[in-house]
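Me: Can you walk me through the charged side-chain pairs in this one? Keep it short.

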Amino acid sequence: MTEYETRKTYIDAMLREAGWREGVDWENEVALHGMPNKSGKGAADYVLYDDAHCPLAVVEAKRTCVGVERGRQEAKLYADCLEKQYGRRPVVFLTNGFETRIDDGQYPERRVATIYSKRDLEKLFNLRRMRLPLRNIQVDKKIAGRYYQEEAIKAVCESLDEKNRRKALLVMATGSGKTRTVIALCKALLDKGWVRNILFLADRNSLVTQAKRNFVNLLPDLSVVNLCEDKENYTAHCVFSTYQTMFNCIDAVHDEQGEKLFTSGHFDLVICDEAHRSIYNKYRDIFTYFDAPLVGLTATPKDDIDKNRSEE
């Protein structure tokens, strides 16, 4: 396939599926000035805009048989030009229709399932504008007052912020208050403007129900929903679900405009309860679909934890 055929067959379809409208909030072959070449001109394959026509993202396309990394430098130069022109650096997506990678300007470049929707990109920039550093956070001791709970929360915050990592695993013995610890962590991240939408996953209905009850009791101002019980209130900021229920909801649930609600960038934090190796392997697709920092909870001794979950 040529690059043009790749774009028309795969990448345009990917953008439409994410809710982008050609000629309205997505433009092709956007002329740019200030490129480091003789003419000083260039053309970005795709630029995605917000309602004020300010760029949210630039998409660099390659044909299917070419690795997306081949477009990395070119996309960076396009983002540089747009940043100089509009005063805000857009998110960069690299794609060949089969593999898509994102450079959001904060975390290292990584693979994503799809290009973000307009709503997801707008939320990303809004959170970035409000976000405060996670250094010296104050843990709510009414929720998690034990010293090791506070240390665990601070360690996760340090990992997300200063260490620039997107995965954390809390290994805490049964009865040590894992749920309270993660609730206090969510409160800290909400207060500092790091997250808006949270997903809590477990493999049994009873665990989902119990977790939701604890969140309601300790964070009464947070809107919550249990997808295993409530099939109407999908817009809550904290969603509780079993893995299988969420699998079914990804394609089935739509917003008021008829677009997919649970897009790959919808959640800003995913919490995985009882994060055993078998759970991770069985439901790996759901973790790779949602592009959000992941916090796993387990009581499994550290020596028994598989490398594929703890290495980051």
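This is a predicted model: local features need pLDDT of at least 70, side-chain atom pairs count only at pLDDT 80 or more; totals for chains, interfaces and linings use all residues.

**Salt bridges**

Reply: E74 and K62 form a salt bridge, with their closest N and O atoms 3.7 Å apart. A salt bridge here is a side-chain nitrogen of Lys or Arg within 4 Å of a carboxyl oxygen of Asp or Glu.

Me: Where do E74 and K62 sit in the chain?

Reply: E74 is in helix 2 (residues 72-86), and K62 is in the loop between strand 3 (55-61) and helix 2, twelve residues apart. Helices (H or I, at least four residues) and strands (E, at least two) are DSSP runs, numbered from the N terminus.

Me: Is K62 buried or exposed?

Reply: K62 is buried at 15% relative accessibility, and E74 is partly exposed at 31%. Buried means under 20% relative accessible area, exposed over 50%, partly exposed in between (1.4 Å probe, protein chains only).

Me: Which residue does D291 pair with?

Reply: D291 meets R110 in a salt bridge, at 2.8 Å from N to O. The two are 181 residues apart, with R110 in strand 6 (residues 110-112). D291 is buried at 9%, and R110 is buried at 11%.

Me: How many salt bridges come out by this rule?

Reply: The count is 29.

Conventions
Residues are numbered from 1 along each chain as its sequence is written. Side-chain values use heavy atoms; hydrogens and water are left out.
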